[in-house]
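I opened my notebook to get to know a new structure. Here is what I looked up, in the order I went.

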Amino acid sequence: MQEYYVPGEIEPAVQEMWETQNVFRALENENPQQPKYYCLSMFPYPSGRLHMGHVRNYTIGDVLSRYQRMQGKNVLQPMGWDAFGLPAENAALQHGLPPARWTRDNIAYMRRQLRQLGFAYDWDREITTCDSEYYRWEQWLFIQLYKKGLVYKKTAPVNWDPVDQTVLANEQVIEGRGWRSGALVERREIAQWFLKITDYAEELLGGLAVLEGYWPDAVRLMQRNWIGRSEGTEIYFRLPAPPQNQSDLSILTVFTTRPDTLMGVTYLAIALEHPLAQYAAHHRPELAAFIKDCHQTSVNEAQFDTLEKRGMDTGLTALHPITQELIPIWVANFVLMSYGSGAVMSVPAHDPRDYVFAQHYNLPIRPVIEPIAGPLPSPLPAAYTAPGILINSGKFSGLPSDAAKLAITQFLTDIQQGASRVVYRLRDWGLSRQRYWGCPIPIINCPECGTVPVPDSQLPVKLPEEVILAGPHSPLSQLPEFYIVPCPVCQSPAHRETDTFDTFFESSWYYARYACPDSSTAMLDERVDYWLPVDQYIGGIEHAILHLLYARLFHRLMRDEGLVHGNEPFARLLTQGMVLKDGAKMSKSKGNTVDPQPLIEKYGADTVRLFILFASPPDQSLEWSDQGVEGAHRFLKRLWTQVYGHLQRSPHLPSSSELRVSSFTEEEREVWRQLHETIQKVTFDLGERSTFNTAIAACMELLNRLSRLEQSPLLLQIGLETLVLLLSPMVPHITQRLWEALGHSSLVVQHPWPQVDAEALVRDKVDWVVQVNGKLRGNISVVAEAEGEEVQQKALALPTVQRLLEGKSIKKVIVVPGRLINIVANG
């Protein structure tokens with residue numbers, strides 16, 4: 001063993017050994033005595049270099065995988081690349097390269113970085129989502145869903161950047177302008193493909209209960225809110241003078257969770273895109289101008305609460321379903337066409353948004369509910385939103401709100417003017433992207449046959465890769481060799497879809513493909529039955545809704561196709577916190593990122609891993625600290641020095657089987673007890689809590705204790721071997737070399753995890769804290785079996801306690817068994 005710790009020499013040699021011996025290759029095991037463990041960290045987008053967020057995510061997964069391997073489990077920990085996406089197009093434009101080449105170069109570089117960090121991946125299972133042998137199967141699944149009617153195409157309003165010639169997400173529209181071009185955004189209706197996630201809304205919602213205790217409560221709550229189940233009443237407002245020859249516009253349907261307020265409706269509000277709004281705008285130029293102006297200030301749904309509420313009267317009216325009163329119909333910018341029917345009934349007296357709108361446009365405000373305690377003030381200073389007793393509601397007056405909801409709904413049902421209904425906030429998943437670097441949608445549009453799915457025999461529809469982008473718009477529509485094809489049905493000239501899938505489509509099923517990445521005849525094969533579900537999934541909480549919800553949906557789609565069993569893809573979920581620097585999230589735009597590469601070169605991968613794990617619990621934010629990195633490196637050097645010094649002093653030791661616990665001195669018994677307490681704690685922290693920082697702290701305390709144990713070389717040998725085993729999942733390179741130096745020829749990662757000796761945990765003596773009036777005044781050590789009176793007498797015998805009690809009387813003595821005694825005195 002060399003005297004000094006040199007990670008630059010140790011780590012490459014250990015990594016080569018792992019690779020040569022194919023240590024981390026996962027095989028399906030039919031042995032029921034060996035349970036499987038599938039640990040997966042969310043795969044990265046190949047942006048060029050790893051950042052500390054990647055390092056944290058993948059280190060957590062690697063520790064858990066190595067720990068479970070040492071527990072005797074058959075472990076799968078794979079890695080791959082979420083390779084499609086807009087950043088590759090932007091980089092390709094900037095550098096004049098095809099996105100495919102830029103992406104694959106980045107993958108090669110980042111793969112080397114991951115290997116340098118010592119992650120125990122089965123690289124034989126590596127997948128890259130831009131490989132046609134991967135995405136051919138999602139094209140195949142899309143076609144099966146199309147045949148079932150679970151995907152469909154319809155026109156939908158989008159934000160269109162006329163300069164970049166692309167659709168923008170709501171988040172990419174800033175004050176009505178494109179985030180990159182600065183051009184005024186236009187609202188356009190574009191044909192898009194959608195997947196009916198709403199058909200699975202109730203099942204996705206119900207499945208969250210099964211995940212309680214295994215997924216973070218925050219993630220489950222966000223998904224529950226995103227699905228947004230509401231029970232209420234659908235109400236029909238009939239138009240007395242509907243547009244001619246448009247029978248579908250003769251009834252305005254609204255949904256409400258407060259049918260008890262129906263008698264307080266004073267106007268109806270419809271979305272900008274509602275067919276009635278378009279009809280009215282055609283006849284009223286000022287309304288058309290208003291709608292166009294609103295479209296140029298597109299916002300995302302999260303901003304709707306703070307949006308200035310604007311509207312205009314359409315000149316149309318609808319009949320109140322009970323009173324037959326004429327209710328004016330307004331266009332309002334706060335109504336979403338994509339939610340419900342794109343129309344809402346407005347009750348200003350009992351809804352804050354409706355109240356503000358009514359006040360601004362001088363619309364009637366009619367209270368129909370008052371508190372049980374008494375009448376509302378007049379005029380009403382704000383909307384009253386609580387339940388109460390109905391007033392001004394005809395035969396329903398006097399009913400409590402809950403009873404009125406049922407009574408009014410039943411009445412509407414009886415007169416065929418409404419019905420009970422459950423609705424969801426969740427909308428169908430828009431799959432189409434007008435971008436190049438993505439998976440082609442396997443549809444052919446034929447002028448004779450209409451929409452025709454690509455036959456299985458013609459899959460995959462390959463994306464042309466050697467393409468130099470000339471601008472931000474997709475080149476697929478300018479490549480006739482790509483889009484002009486014969487119709488599979490009639491052989492007439494036809495056009496391929498030139499849109500590509502949303503990249504969430506690829507990341508929604510990759511976890512299952514890892515089980516059988518070489519399957520060439522099916523999307524998945526029988527190996528998924530062995531590996532799924534994923535036992536532990538790890539990633540950022542920013543993916544709580546879209547990715548995790550889509551993956552849960554995909555699992556059900558594949559289940560219903562007979563490809564997988566079970567309902568959930570991920571048994572457990574750990575969401576790691578962000579990595580901060582100077583209190584802010586690391587980002588390139590802020591210039592506060594930390595590249596792990598120089599740190600690996602200077603300190604070694606084990607130091608980087610140790611700091612990342614020790615600096616904070618995994619689910620909390622981690623503040624970057626250069627001093628913390630140096631501290632982690634010092635600890636590893638101390639560990640190395642301790643083992644080296646021990647071997648120099650005691651080169652030839654008897655077997656550990658010759659250790660005689662019964663002949664231990666008192667000091668040796670204390671060390672033996674602490675050794676097994678450390679095993680117990682680290683086992684619990686890694687196996688149950690995933691709190692690596694406290695596990696490392698326990699190992700540091702053990703090293704401190706062992707460093708004072710020079711008169712018991714055999715016990716020290718066992719202590720160091722145990723410490724190396726406990727640390728090996730976290731710092732695998734240094735521990736492998738130390739394991740060898742301590743006389744072992746095996747791989748440390750293949751050695752069984754240390755077991756706790758329950759007898760060693762039994763304390764002969766217990767240390768008690770002694771307080772006087774709640775303040776620490778000393779410590780005493782008493783035999784474990786000591787009674788309270790004996791402990792009290794020993795505490796009172798302490799000189800510091802006697803001095804403080806002089807001239808005072810003892811009021812009471814508080815005892816926390818085995819831990820603390822507090823003497824309360826006065827005088």
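In which sense do strand β1 and β2 pair, and over how many bridges? I found that β1 (residues 36-41) pairs with β2 in the parallel sense over three bridges. Strands here are DSSP runs of E with at least two residues, helices are runs of H or I with at least four, and both are numbered from the N terminus. Two strands count as paired if DSSP finds at least two bridges between them.

A note on the source: this is a predicted model, where local features need pLDDT of at least 70, side-chain atom pairs count only at pLDDT 80 or more, and totals for chains, interfaces and linings use all residues. Residues are numbered from 1 along each chain as its sequence is written, and side-chain values use heavy atoms, with hydrogens and water left out.

**Entry: the four-stranded sheet.** I followed the order β2-β1-β26-β27 through an open sheet with parallel pairing. At its edges I saw β2 (74-76) and β27 (573-576), each with a single partner strand, so one side of each has no neighbour in the sheet. From one strand to the next, the twist averages 20°. I also looked up Y38, whose bridge partner in β2 is L76. Helix α2 (residues 52-70) packs on this sheet and touches β1, β2, β26 (536-540) and β27. The direction of α2 makes about 175° with that of β1. Contact means heavy atoms within 4.5 Å; axes are lines fitted to C-alpha atoms, for helices over the stretch in contact, and angles run from 0 to 180 degrees between N-to-C directions.

**Entry: the cores.** Which residues touch the most other members of the largest nonpolar core? They are M52, L524 and M558, in a core of 185 residues. Such a core is a set of buried Ala, Val, Leu, Ile, Met, Phe, Trp, Tyr and Cys residues joined through side-chain atoms within 4.5 Å, buried being under 20% relative accessible area with a 1.4 Å probe, protein chains only. Helix α22 (residues 713-727) gives the most to this core, with 10 residues. Another core of 39 residues lies apart from it, with F237, V254, L262 and L390 among them. Back at M52, I listed its contacts beyond four places in sequence, including V579, M586 and W624.

**Entry: the three-stranded sheet.** V579 turned up again, as its bridge partner in β30 is L622. Two bridges join β28 (residues 579-581) to β30, and these strands run parallel. The open sheet has the order β29-β28-β30, with mixed pairing.

Conventions: Buried < 20%, exposed > 50% of the residue type's maximum accessible area, 1.4 Å probe, protein only.
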